[in-house]
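Dear colleague,

Please find below the structure that I am handing over to you. My notes on it follow directly after.

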Amino acid sequence: MDKKIAIVCNPTAAGQKSVEVGRYVAAELEARGVAYVLHTAFWPDAFIGCTQVWICGGDGTLNYFINKYPHISLPLFLFKGGTGNDFAWLLYGNDSLVDQLERALRRQETVLVDAGLCNGRLFLNGVGIGFDGLVVHELLGKPKRPGKASYLLTVLKHLVQYKEGGAQIVMDDRQWNEPLFMLSVANGKRYGGGFIVAPDACLQDGKLDVVLITAIKHLQRLQYLNLIEAGKHLGLAQVRVHQSKAVQVQTVTATTAHIDGEPLRASEYHISCLPKKFVFVR
C-alpha cells in the first residue's frame, strides 16, 4: 500500500519552529514523490485516506494531539519541533531532523506505547505534582529557551522558598500521608527538557513509575536538583519509588501540577495507565 502522510504542526502562534519543520518535511516528501497533506493552522477531524500521521512539535504539541485524537490507531511519528522534545528523545535519541526523516521513510517497525490518564486528560511523559507543577505554571506565557534552560532557571528561582504541602497518596494496597515536595507519576523517563526524573520507567510495561520526594531541607535542595537532573536520586532518603497501574493523590489545598508540561491545578488527582494505547514508528 502506498503511503499518504498527514503532517500536523503546532497550530498556535508559538509553534513557528514546528511549522518550519513541517514545511521542510513536506518539501522532502514532494521531492521524493511521497503523497502527503500538510496541516498547520487547522487540524482535520479525521485523517481519511492517510496511512501515517507525522507530528511536528514538542511535548505540548504531542499532548494536544493525543487528546484531540484519543482513539487514533494510525502509526505516528514525532519530529522534534519544540523546546524540550523529551518524548521524541525517548523514541529517537539524539537523531537530527535529517536522521529522523530518513528513519520515518525507511523504517517499517512500529511499537505500541502506554499512555496515562490524569483527571480525564491523556499523557505520554508524565504528571508532576507540587514543586514540579509550580515550575510549569511559572513558565506560562514566557518565551522558552531550547532544551532545559528555561525549566532550570525557573527551578533555581523558586527552589529555596518553596513550602511543601500535605498530601495523601494511595496506590494498590499502600497509602502515604506526609509533606510532599514533588510527586512524579511517569510513563517516560524524562521531562523538563532533559531531567531524568524516572530513570527506570518504561513506555511498554503497562505500569507508571511513581517517584515521591518528601520534605527536603532548604540547604540540600540544590544538591538534590543536580542528582534529579542526572537521574541519580532514587537512592536518597527522601525519595520513594513504586510502580503501579493507578494512583490517587489528594492534597490539603489545591496544588499546582502539570501533564506533559501542560498546567493543571487541583486538590484531587486520579491517574491510571492505559497499556498499548498508541502506535509509533520506531
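This is a predicted model: local features need pLDDT of at least 70, side-chain atom pairs count only at pLDDT 80 or more; totals for chains, interfaces and linings use all residues.

Residues are numbered from 1 along each chain as its sequence is written, and side-chain values use heavy atoms, with hydrogens and water left out.

Helix H1 spans residues 16-32 and helix H4 residues 97-106; their axes come within 11 Å and cross at roughly 50°. H1 is therefore oblique to H4 (angles under 35 degrees count as roughly parallel, over 145 as roughly antiparallel, 65 to 115 as roughly perpendicular and the rest as oblique). The crossing of the two helices, H1 and H4, is right-handed. On the H1 side, the contact (heavy atoms within 4.5 Å) involves Val21, Tyr24, Val25, Glu28, Leu29 and Arg32, and on the H4 side Leu97, Val98, Leu101, Glu102 and Leu105. Of the residues in this contact between H1 and H4, eight are nonpolar, three are charged and none is polar.

Two residues other than glycine have a positive phi: asparagine 119, near 50°, and aspartate 260, near 55°. Asparagine 119 sits in the loop between strand S5 (110-118) and strand S6 (121-123). Aspartate 260 belongs to the loop between strand S12 (246-259) and strand S13 (262-281). Asparagine 119 is partly exposed because its relative accessibility is 37%, whereas aspartate 260, at 7%, is buried (buried means under 20% relative accessible area, exposed over 50%, and partly exposed in between, with a 1.4 Å probe and protein chains only).

With kind regards

Notes
Axes are lines fitted to C-alpha atoms, for helices over the stretch in contact, and angles run from 0 to 180 degrees between N-to-C directions. Helices (H or I, at least four residues) and strands (E, at least two) are DSSP runs, numbered from the N terminus. A crossing is left-handed if the near helix is turned anticlockwise from the far one by less than a right angle, and right-handed if clockwise. Ala, Val, Leu, Ile, Met, Phe, Trp, Tyr, Cys and Pro count as nonpolar, Asp, Glu, Lys and Arg as charged, and the others, Gly among them, as polar.
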